[in-house]
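This briefing walks through a protein structure, topic by topic. Please look over the sequence and the model before reading on.

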Amino acid sequence: MKAQKPRAPWKAWFLAFSLLLAAVGLVASDCKAPAANRIVLWHAYRGAEEEAIAQLGARYQAETGTAVEVLAVPFLAYASKLSSAIARDQGPDVFIDAHERLSSYREEGLLARAEAAFPKYDIDRYDSIASTVARDEDGAAWGVPFALKGVALIVNTELMPELPASVEQLVKARNDGVFPLAYESESAYVHAPWLHAFGGAMLGPNDAYGFTGESARRSVAFARGLVSSGVVPNGADGALVKQLFESRKAAAIIAGPGVVSELPPHFPYQVVPLPPLRAAPSRPDPFLTVELLLLTPRTASRPEVSAFARWLASDEAAKLRVRAQVVANNQPWHDDTVVPVAMRAFHEAALRSRPMSTRAAMRATWEPVEQAIRGVMRAAAADDAAIDAILAESRRRFESARPRAVSASPTRGLVALGLGLLLTAIALYRRAKPRFWSGVRASAGAYAYVVYATIAVFVLVVLPLVAGAVMSFFAGPRHQMTYAGLGNYVDILTARGGPLFGYGSFYRTLLVTVAWTIANVALHVTIGLGLALLLSRPLLRAKGVYRTLLIVPWAVPSYVTALAYKGMFHQQFGAVNAILRKVGAEPVAWFSHFSTAFAANVATNVWLGFPFMMVVILGALTNVPKDVLEAADIDGATPWQRFSRITFPLLLPQLVPAVVLGAVWTFNMFNVVFLVSGGEPDNQTDILVSEAYRWAFTRHAQYGYAAAYAVLIFGILWLTSRLSRRWQAEST
Amino acid sequence: MTPSTRREVPCCEVRDLSKAFDQTTVLSNVSLSMKSGSFTVLVGASGCGKSTLLRTVAGLEPPTSGSIWMGGRDVTALSPKDRDIAMVFQSYALYPHLSVRENLAFGLRLRRTPEAEIVARVSEASAMLGLDALLDRLPRQLSGGQRQRVAMGRAIVRRPHMFLFDEPLSNLDAALRAEVRVEIRRLHDRMGGTTLYVTHDQVEAMTLADTLCLLRGGAVEQMGAPLALFDRPVSRFVAEFLGSPKINWLDGQVKHSSSGLHIAIGGKALKVPDRYGQLAEQPVLVGLRPHHLTTASDDVPQFATMNVTFCEALGFETYVHGTLSGMGDRTVVVRVEPSHRVTRGDTLPIGIRPEHTLLFDPRSERALDAPT
Ligand SMILES: Nc1ncnc2c1ncn2[C@@H]1O[C@H](COP(=O)(O)OP(=O)(O)OP(=O)(O)O)[C@@H](O)[C@H]1O
Ligand SMILES: [Mg+2]
């Protein structure tokens with residue numbers, strides 16, 4: 001019989017793979033070079049505004065025949081998506097973003113001057129503050145004012161028929177079961193009016209931290225007074241404020257236009273600018289954010305893009321969107337037929353607002369300011385000294401999070417890298433078996449089967465890992481990173497010069513992370529084991545139903561669960577405290593203390609995590625032979641002895657890998673920590689990943705520093721899993 | 001405790017035991033009585049309920065009705081650990097994560113036996129079973145036969161009143177099975193417990209049992225000494241179940257004649273053994289074991305002629321298969337001396353030792369001499 005030559009399967013695979021690559025390439029190049037006259041617009045709007053923008057795009061397309069693609073990008077990812085997409089020449093032609101980001105976009109080179117599209121920039125067409133913030137120090141315009149964002153007072157005219165003339169008057173209007181005022185009392189953004197009223201500013205000149213001194217102290221003392229006297233609900237978030245207003249449990253709220261657009265029809269309300277605060281020297285001006293229409297450098301010269309931008313910013317288009325947002329054009333506001341009453345009030349409020357600083361340091365103030373506000377709100381006593389101590393601590397945080405001037409000569413790093421590569425090569429060469437290469441050649445066909453998976457893993461796993469590791473040797477904001485050598489690591493491992501186990505230090509966070517992991521995994525295993533044992537009882541009826549129900553927590557996206565739990569642990573309105581009150585116990589301020597906040601996080605994560613262990617153990621239980629258990633019965637084992645001496649030891653081989661896996665997941669369980677406690681109180685419940693996140697996204701965008709955290713996390717996990725494997729190998 | 005004190009203990013008794021899984025009845029009204037120190041073997045076809053009966057006695061399955069008594073106590077409601085029994089499973093059911101030593105000691109540890117006693121009993125059992133070299137191994141590092149020994153050792157160290165075995169030898173090869181079989185009986189005699197042993201292997205059943213209990217479809221078909229069942233089966237089923245090769249069947253007719261009672265088979269007359277006493281003239285099923293048929297000789301006159309179709313020469317004896325001419329087409333097996341060279345197509349003169357003839361009612365299939 002003639003030996004049949006095996007068909008080389010990899011040829012077919014190679015063909016298929018190349019076709020796939022070609023297809024991907026085509027699609028990618030398609031993104032890169034948009035069809036000649038297609039225009040891409042990015043924005044981060046939701047709800048009514050998103051609809052309005054989409055309609056504008058459609059209308060323009062219908063009228064001019066130019067293809068317009070309007071893309072709503074999620075707000076949280078907006079800035080980073082923009083800068084990476086534009087850097088790769090794949091971003092939008094036109095986009096809308098807040099003026100605070102203008103300077104950093106400019107520095108990154110993501111913008112074209114507005115004059116490119118607006119040769120005769122008509123400054124009077126737009127609100128004057130808005131026009132000012134769109135310009136740089138030399139008066140060159142980098143964007144066109146598009147919309148104004150700010151908060152105002154929204155009053156329920158039934159509960160409060162007479163509009164308050166001052167904050168004091170508003171506060172006095174007490175009604176049973178109704179809060180006179182509700183606002184996000186722990187948000188720095190909504191707190192800002194009080195700070196401004198007492199003469200302060202969040203960011204001082206030269207990027208100095210502004211939330212200190214007399215003005216800050218008086219503003220937080222005032223806010224604390226509102227909450228402690230029951231005028232304002234405690235620790236409400238945006239959703240709760242809206243809900244209180246809609247359910248007529250708050251007579252007035254401080255909020256933006258979004259709330260109004262979602263009120264039911266015929267709801268009795270009126271919007272007014274924040275009334276004066278008589279106790280303070282200045283007006284309580286909220287922050288103003290000006291949304292600008294921005295052009296990217298690549299496309300600014302395309303006439304159709306310019307034409308589209310001009311049309312979007314025109315009075316005609318502004319009239320179409322004035323129902324959904326406070327447009328920055330002046331002209332529509334003169335036309336009463338198109339402007340809704342509420343919008344006019346928001347416009348009025350916006351005109352009195354204070355534009356937010358465009359400095360990059362501004363973004364790093366939110367976290368410490370909010371910590372200070374929360375600290376004061378929850379302090380047992382708040383005399384001046386106590387408040388000052390809290391403010392001083394928040395300032396220290398701001399200062400210590402500032403990027404450090406670390407720079408190192410890359411020479412040493414390059415030498416180390418070269419040496420490392422050389423040593424690795426030598427080690428690999430020496431460890432290779434004598435017939436290594438002939439072995440590789442002989443099984444070339446087999447390698448063909450895994451080459452695609454290898455490429456995928458390399459591109460999706462190894463490359464990002466290496467990129468992250470490389471980034472950890474750099475410092476500074478993304479567009480101007482400088483080589484820092486081991487500077488980030490030294491900084492982290494020396495706790496930035498502070499006490500080793502001080503708040504926010506790497507070691508303290510590590511300790512919390514380890515405690516968090518142990519607590520969770522222990523509970524996952526205990527609960528999973530208990531339920532699995534119950535479910536595996538032969539006499540249990542309707543087993544399938546229970547099993548399905550118990551897997552549900554696993555099937556729900558974790559962030560949904562996390563948000564639900566956050567709500568349940570709310571001090572005033574959460575279900576947990578409601579139950580505590582019902583049974584006569586004191587309600588607990590869950591997120592004010594480390595232990596309770598930690599417990600809330602653990603409760604959430606246990607809910608999310610036990611089904612996995614349960615499923616693993618249910619599977620492992622089927623591997624425990626029934627006759628072995630019967631033999632134990634006959635040998636005289638009680639049910640507990642049978643479990644502890646037979647079932648449990650037999651489960652271990654499958655339980656240990658599951659525990660290692662669960663530990664790794666829990667160690668990095670960002671969702672729960674970030675969404676439930678959010679690190680409260682004072683970042684004490686943050687774990688390493690959420691801490692890394694803060695360095696990257698809330699503290700001066702120190703990506704290198706965050707990357708160093710990530711590398712350390714990776715190292716810790718790698719080491720632990722190695723040790724656990726060795727331990728397991730030894731024990732069997 | 002010595003075997004002699006053991007013998008004082010009253011027996012184990014199963015009274016009117018029935019067991020059903022959901023709708024299927026597996027055991028119906030089984031009653032058994034086991035004397036202390038006796039060796040009772042349960043045999044029967046696959047699926048007849050042997051294991052179920054054994055497991056019910058062990059307490060692993062609750063009976064549907066009926067009761068189980070041990071040492072004069074009703075233990076029906078007791079859990080296995082309170083019944084003072086040990087069981088050897090067909091799969092051995094060793095604890096996979098424990099060494100041989102710990103497998104043996106497990107039951108003793110649970111009962112908080114003093115350590116010195118544990119060591120003594122484990123070493124005694126391991127010496128008895130030749131496990132000394134294996135004590136530190138895990139079950140998966142043992143051969144099938146070694147595992148089987150460990151399983152027996154685990155039962156022995158506990159020194160229970162009663163040993164239960166569920167086909168303990170079925171996973172061993174034939175030679176080893178024969179060896180262990182002898183050993184089990186020896187151990188039983190030495191330990192002095194009461195043993196209930198399940199098997200479907202009739203050689204095991206015959207050689208081991210003091211009392212043999214043949215189950216059929218969940219009911220006791222016949223119980224008694226092994227040879228009693230072999231020689232005096234109460235039914236065609238029992239006669240067929242025991243004996244290898246199987247018993248031969250011929251159709252006959254009881255006839256009265258001047259010389260007395262005889263059975264007419266295909267024109268020949270066969271003497272009815274005396275123990276049947278008076279029989280009416282009736283058709284009968286005649287059972288003849290292969291070794292009760294033989295080649296005709298001076299001692300045994302020719303009764304029929306066999307047309308040989310097949311011949312099994314085992315060396316120490318030879319079984320010849322064929323039909324008897326003029327006596328129907330049932331296949332008959334005859335044992336002949338190995339010195340006979342017989343091949344297919346031969347004819348063989350056959351004689352019968354009539355005193356061993358078994359007679360059955362062809363309709364009820366009960367033995368004609370069975371007590372009613
Ligand atoms: N847990 C059970 N549920 C339902 N039916 C069962 C169960 N256990 C046994 N049976 C049924 O009971 C009958 C007797 O089973 P048993 O295991 O006692 O037979 P056995 O005589 O030991 O057979 P074998 O010689 O093949 O081991 C079988 O028909 C079997 O299908
Ligand atoms: Mg069985």
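B:Val14 has B:Ile68 of S4(B) as its bridge partner. These two residues belong to strands S1 (residues 12-21) and S4 (residues 65-70) of chain B, which are joined by five bridges and run antiparallel. The model is a predicted one, in which local features need pLDDT of at least 70 and side-chain atom pairs count only at pLDDT 80 or more, while totals for chains, interfaces and linings use all residues. Residues are numbered from 1 along each chain as its sequence is written, chains are lettered from A and ligands numbered from 1 in the order in which they are written, and side-chain values use heavy atoms, with hydrogens and water left out.

**Terms for strands and helices**

- Helices (H or I, at least four residues) and strands (E, at least two) are DSSP runs, numbered from the N terminus.
- Two strands count as paired if DSSP finds at least two bridges between them.
- Strands of a sheet pair through backbone hydrogen bonds, either parallel or antiparallel.

**A hairpin in chain B**

- S4(B) also pairs with strand S5 (residues 73-74) of chain B, in the antiparallel sense and over two bridges.
- Across this pairing, B:Trp69 stands opposite B:Asp74 in S5(B).
- The hairpin of S4(B) and S5(B) has two residues between the strands, and B:Gly71 takes a positive phi near 55° there.

**The five-stranded sheet of chain B**

- Five strands of chain B make an open sheet with antiparallel pairing, in the order S15-S19-S16-S17-S18.
- Its edge strands, each pairing on one side only, are S15 (293-295) and S18 (332-336) of chain B.
- From one strand to the next, the twist averages 50°; axes are lines fitted to C-alpha atoms, for helices over the stretch in contact, and angles run from 0 to 180 degrees between N-to-C directions.
- Strand S17 (residues 318-324) of chain B runs antiparallel to S18(B), and five bridges join the two.
- In this pair, B:Gly322 stands opposite B:Val332 in S18(B).

**The three-stranded sheet of chain A**

- Chain A has an open sheet of three strands in the order S6-S5-S7, again with antiparallel pairing.
- Strands S6 (252-255) and S7 (269-272) of chain A are the edge strands, and each pairs on one side only.
- The twist here averages 25° from one strand to the next.
- Four bridges join strand S5 (residues 152-156) of chain A to S6(A), and the two run antiparallel.
- One of the residues involved is A:Ile154, whose bridge partner in S6(A) is A:Ile253.
- Helix H13 (residues 341-351) of chain A lies across S5, S6 and S7 of chain A, at about 25° to S7(A).

- Is A:Trp695 buried or exposed? A:Trp695 is buried, with a relative accessible area of 4%; buried means under 20%, exposed over 50%, and partly exposed in between (1.4 Å probe, protein chains only).
- A:Trp695 sits in helix H29 (residues 688-697) of chain A.
- A:Trp695 and A:Ala364 are 331 residues apart along the chain, and their C-alpha atoms are separated by 9.7 Å.
- A:Ala380 is exposed, with a relative accessible area of 79%.
- A:Ala380 is part of the loop between helix H15 (366-378) and helix H16 (384-401) of chain A.

- Chain A contains 30 helices and twelve strands, and chain B contains nine helices and 20 strands.
- Along the principal axes, the C-alpha atoms of chain A fill a box of roughly 90 × 70 × 55 Å, and the C-alpha trace of chain B spans about 80 × 45 × 40 Å.
- Buried residues are 45% of the 732 residues in chain A and 52% of the 372 residues of chain B.
- Among contacts (heavy atoms within 4.5 Å) with a separation of 6 or more, residues 24 or more positions apart account for 73% in chain A and 65% in chain B.
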